[in-house]
Amino acid sequence: MAKPSAGRLKASAITHERDMSIKTVITIILLCGSSSCFSQLSIEDCYRKAQANYPLILQYDLIEKTKEYNLKNAASSYLPQITFSAQATYQSDVTEIPFDFEQIGLHGMEIPSVSKDQYKVAIDINQAIWDGGNVSSQKRLLRTQAEVEKKDLDVSIYAINERINQIYFGILLADAQLKQNRLLQDELQRNCDKVSSYINNGIANQSDLDALNVDLLKAKQNEIQLAHTRRAYVDMLARFIGEDIAPDTKFAKPEATRPAVTGNNRPELELFDARIRNLQAQDNRITAGMMPRLGLFVTGGYGKPGLDMFEDKFKAYYMAGLKLSWNIGTLYTTRNDRRKIEAGIRSVEAQRETFIFNTDLDITQRNAAIDRYEEQLKYDDEIISLRNAVKRASEAKMANGTLSGTDLTRDINAEQSAIQDKILHEIELLMAIYNLKYATNN
């Protein structure tokens, strides 16, 4: 048997290596997809998921369905209205004609009388020709009522964003503090190792090492507290968005960019407008109620007597005609009803102006908070740099045996306090920016 050439062996090896590389890449992708090793959440994702998961979201569909049912019911007023009735009566007396044919010489003649027992079965059909705009005004009122309910839901669901802000930035703050806490523990551990060697060389005392160990234990204790705080925030966020959040999920830190305030776009303003439109629709409804109605009617029946009351037997009958009706009694209350609607519109306008006024104050306050945090951050790096220089000098003195461990931990904690202040200012700035976005919906 001929042996394979070296070229064929080399090509086969390259092909095998390429196939293995492809399989490796696919395996890594599948593993990363199945485990959430690269999962990440942004605050915008949380807004969207929390609103979609909120139980009130189901109300939108219910409001729309209710509106459609009501509109169909209102439109049915244009359909022929059919009424069935049946009646059986007995009267104590009936109409008689007081005329005596005997007196004028007409013998054997008499006028028939009506029976005291009477029966009637009838069907009435009424068809509206013109209703004075009653149905159209009713439809408009139903639409504006549904719009008010939807806008009210918009306000309730938009309020979720403010709660998401508090939770999301609470997680970011806990993450940053945990990260810095681990750096502090590493630094304290390094100094503990150094001081241990100093003790062996007779430069430091056991009390110096104890001072550092106390701060190391406090840092570990603080890490536990921060981890529990973060877990509580993550659990609350998971409930809001309706999803389990993996422990290794990364929370994206937003850009600290102040939004351009182009106006107040809060959903509350649309709610106020919808309420005014609803009140205006009620006013149109009053106008329609003052108009006359014109319609056709047909009545068919069977009874005793029929239309000829002197024919005392069961007989079918019908009548048809044109009917005009006008309820003038509505004029008595129209003025007061309109005044009530005008008062309601003024009340809504006053509520809107109050909301705009309070929102403007809120925007001013949030802008001032952003300015304050930006100014504070300008000095944080310089303060940290100076605290770090003091700490390094203390470490050098400790190495020379001219500084106690208590003094060293004081300077380490001072630097850490400056770093924590910067972390807090950064998160406060981000939260102030997103609270400003919430205040203006921009």
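In which sense do β2 and strand β3 pair, and over how many bridges? β2 and strand β3, which covers residues 117-130, pair in the antiparallel sense over 10 bridges.

## Basis of the model

The structure is a predicted model, in which local features need pLDDT of at least 70 and side-chain atom pairs count only at pLDDT 80 or more, while totals for chains, interfaces and linings use all residues. Residues are numbered from 1 along each chain as its sequence is written, and side-chain values use heavy atoms, with hydrogens and water left out.

Strands of a sheet pair through backbone hydrogen bonds, either parallel or antiparallel. Here four strands form an open sheet in the order β2-β3-β5-β6, with antiparallel pairing. β2 (81-90) and β6 (315-325) each have a single partner strand and stand at the edges, so one side of each is left without a neighbour in the sheet. Neighbouring strands of this sheet are turned by 20° against each other on average, direction ignored, where axes are lines fitted to C-alpha atoms, for helices over the stretch in contact, and angles run from 0 to 180 degrees between N-to-C directions.

Two strands count as paired if DSSP finds at least two bridges between them, and the elements themselves are DSSP runs numbered from the N terminus, helices being H or I with at least four residues and strands E with at least two. Within the sheet, Thr 89 stands opposite Gln 118 in β3.

## A nonpolar patch

Ile 82, Phe 84, Val 121, Ile 123, Ile 125 and Val 298 make a nonpolar surface patch of about 540 Å². Patches are made of residues with over 30% relative accessible area and no salt bridge, like charges being joined within 9 Å and nonpolar side chains (Val, Leu, Ile, Met, Phe, Trp, Tyr) within 5 Å; accessible areas come from the Shrake-Rupley method with a 1.4 Å probe, and for residues only the protein chains shown count as cover.

The elements that give two or more residues to the patch are β2 and β3, and β3 gives the most, with three residues. Val 298 is placed in strand β5 (residues 293-304) and counts as partly exposed at 39% relative accessibility, since buried means under 20% relative accessible area, exposed over 50%, and partly exposed in between (1.4 Å probe, protein chains only).

## Aromatic pairs

The count of aromatic pairs comes to seven, where rings of Phe, Tyr and Trp (its six-membered ring) pair if their centres lie within 6.5 Å, and planes under 30 degrees apart count as stacked, over 60 as edge-to-face and the rest as tilted. Tyr 158 and Tyr 438 form a stacked pair, 4.8 Å centre to centre with 5° between the planes. This pair links distant parts of the chain, with Tyr 158 in helix α4 (residues 134-158) and Tyr 438 in helix α9 (residues 405-440), 280 residues apart.

Tyr 158 is buried at a relative accessible area of 9%, and Tyr 438 is buried at 10%. Elsewhere, ring pairs link Tyr 168, Phe 169, Phe 251 and Tyr 434 into a cluster.

## Salt bridges

A search of the whole structure finds 25 salt bridges, each being a side-chain nitrogen of Lys or Arg within 4 Å of a carboxyl oxygen of Asp or Glu. Arg 258 forms one with Asp 371, the closest N and O atoms being 2.5 Å apart. Arg 258 lies in the loop between β4 (250-251) and α7 (267-289) and Asp 371 in helix α8, so the pair ties together parts that are 113 residues apart in sequence.

In helix α8, Lys 378 and Glu 375 lie three residues apart, about one turn of the helix, and their side chains meet in a salt bridge (3.1 Å, N to O).
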